Amino acid sequence: MEVNVTAPLAMKGPWSLLSAIPLVCYVALVLLGILGNAGVIGVVGESILRPQKGRRISDMILVNMAFSNLMVSMVRNLLLMLTDLGLEMVPSKTWCQILMGIWVWLRCANVWSTFFVSVFHFQTLRRVAPPTTSLSGSQGLPRSLLIGFGGIWTFSLIYSLPAFVYSTKGATNATETLMLVSSTTRPLLGCLWDFPSTSSGLVFATTSMVIHEIVPIVLMSGTNLSSLFILYTHGNKRHLTHKGQGTPAMHRVPAERRAAKVILALIVLFISSWGASVVSVNYFNYNRGPSSTYMLVIARFSNSAFIAVSPVILAVGHRRLRVVIRYVLTCKHS
């Protein structure tokens, strides 16, 4: 892959029609995504690895989501940021096949890892005795959790295999000339899809849009709304039932309600980012009007918004993250 220093900052890519301020904001967004998710992995992951503590399943799921966010930000968004800053990258056909495969793999895993957070909280509220911790030692990690993580990453890898084969090097400025509208299968850095026929490409794009975007979005919305409904119905019955009745999770209603709100905020952010990206890319593809270039800027911000802002939302609802942030801020002021 050839790497060269190219034109000045303000004249690069879709930012050429705008001032340097949006580009600076985009750079800050990408760096926030990298540092924020790395911080979540470090803080929450450290508590999981402590031998004297129980391993919280919820923390493992949050680390898995943060890890997928970090990988997307490092392998995808960081490369786009460097090209916007003037570092021209010209991938060969082999590199395009590798990068396209990795991008599809990580994006698919990222969507389902986000869904995993919502479905776990829903299952926790429904269980009579939810296994919130797993003792270290001989018991090890919960088998169902490992199967879930392995299934997400393995299934996403299998689905991304066509990208390792049917990708090629595109022409100049082909980065934003998109063949597919799905945010999961969007080609970047001059790489393009190269399916044997238009119909096969359409099938892959449509399947990807349905399986890896629409279905998980509908499911995570449904599970979170169901969680909120469970908490709402329990709140109405609290004054009519004995305090000792209900599931163990229901005894922690304030904490569970806060967790549900945090997850709801994550889902709303995810859906908003995905919707803005798909609408912007479609507008660029099928309506090359005067404002089409601005749609690419919106798509660029939308694809990075969830990854950058989700660590901030997690910090609001996760006690250990809040403690660490307070400690860091206290040290800076002292």
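## Cysteines

Cys-25 is partly exposed, because its relative accessible area is 40%, a value that falls between the 20% limit for buried and the 50% limit for exposed. The model discussed here is a predicted one. Cys-108 gives another picture: this residue is buried, with a relative accessible area of 0%.

How many disulfides does a search of the whole structure find? It finds one. The partners are Cys-96 and Cys-191, and their sulfur atoms are 2.2 Å apart. The pair joins distant parts of the chain. Cys-96 sits in helix H3 (residues 93–126), while Cys-191 belongs to strand E6 (residues 191–193). They are 95 residues apart. The torsion about their S-S bond is about -80°, so the disulfide is left-handed. Cys-96 is buried, at a relative accessible area of 0%. Cys-191 is buried too, with a relative accessible area of 0%.

## The chain as a whole

The chain has eight helices and six strands. Read from the N terminus, its elements follow the order β-α-β-α-β-α-β-α-β-β-α-α-α-α. The chain has 334 residues, and 47% of them are buried.

Contacts also span the sequence. Take the contacts with a separation of 6 or more: 81% of them come from residues 24 or more positions apart. The surface can be described by its atoms. The chain exposes about 16,200 Å², and carbon and sulfur atoms supply 68% of that area.

## Aromatic pairs

A pair of aromatic rings is described by two things: the distance of the centres and the angle of the planes. The structure holds eleven aromatic pairs. One of them is made by Trp-193 and Phe-195, whose ring centres are 5.1 Å apart. Their planes meet at 15°, so the pair is stacked, the cut-off for stacking being under 30 degrees. Trp-193 counts as buried, at 6% relative accessibility. Phe-195 also counts as buried, at 12% relative accessibility.

Phe-270 and Phe-306 form an edge-to-face pair. Their centres are 5.2 Å apart, with 85° between the planes. Here, too, distant parts of the chain are linked. Phe-270 lies in helix H6 (residues 253–286) and Phe-306 in helix H7 (residues 292–317), 36 residues apart. Phe-270 is buried, with a relative accessible area of 5%. Phe-306 counts as buried at 3% relative accessibility.

Which residues do ring pairs link into a cluster? They are Tyr-159, Tyr-166, Trp-193, Phe-195 and Phe-204. The stacked rings of Trp-193 and Phe-195 are therefore part of this cluster.

## Two sides of helix H5

Helix H5 covers residues 198–237, and Val-218 lies in it. Met-220 lies in helix H5 as well. Is Val-218 buried or exposed? Val-218 is exposed, with a relative accessible area of 53%. Met-220 is buried, at 0% relative accessibility.

Val-218 belongs to a nonpolar surface patch of about 360 Å². The patch is made by Val-210, Ile-214, Val-215, Val-218 and Leu-219.

Met-220 has contacts elsewhere in the chain. Leaving aside residues up to four places away in sequence, Met-220 touches Val-111, Thr-114, Phe-115, Ser-118, Ile-267 and Phe-270. Phe-270 is also a partner in the edge-to-face pair with Phe-306. Met-220 and Phe-116 are 104 residues apart in sequence, yet 8.1 Å apart in space, C-alpha to C-alpha.

## A salt bridge

Side chains of opposite charge can pair when their charged atoms come close. The structure holds one salt bridge. Glu-46 forms this bridge with Arg-320, and their closest N and O atoms are 2.7 Å apart.

What parts of the chain does the pair tie together? Glu-46 lies in helix H1 (residues 20–49), and Arg-320 lies in helix H8 (residues 319–333). The pair therefore ties together parts that are 274 residues apart in sequence. Glu-46 is partly exposed, with a relative accessible area of 33%. Arg-320 is partly exposed as well, with a relative accessible area of 25%.

Methods:
Residues numbered from 1 in each chain as written. Predicted model: local features only at pLDDT ≥ 70, side-chain atom pairs only at ≥ 80, totals over all residues. Heavy atoms only, no water. Patch = residues over 30% accessible without salt bridge, like charges linked within 9 Å, V, L, I, M, F, W, Y side chains within 5 Å. Areas by Shrake-Rupley, 256 points an atom, 1.4 Å probe, with all protein chains shown as cover. Salt bridge = Lys/Arg side-chain N within 4 Å of Asp/Glu carboxyl O. Helix = DSSP H or I, 4+ residues; strand = E, 2+ residues; numbered from the N terminus. Buried < 20%, exposed > 50% of the residue type's maximum accessible area, 1.4 Å probe, protein only. Disulfide = S-S within 2.5 Å. Phe/Tyr/Trp six-rings, centres within 6.5 Å; stacked < 30°, edge-to-face > 60°. Contact = heavy atoms within 4.5 Å.
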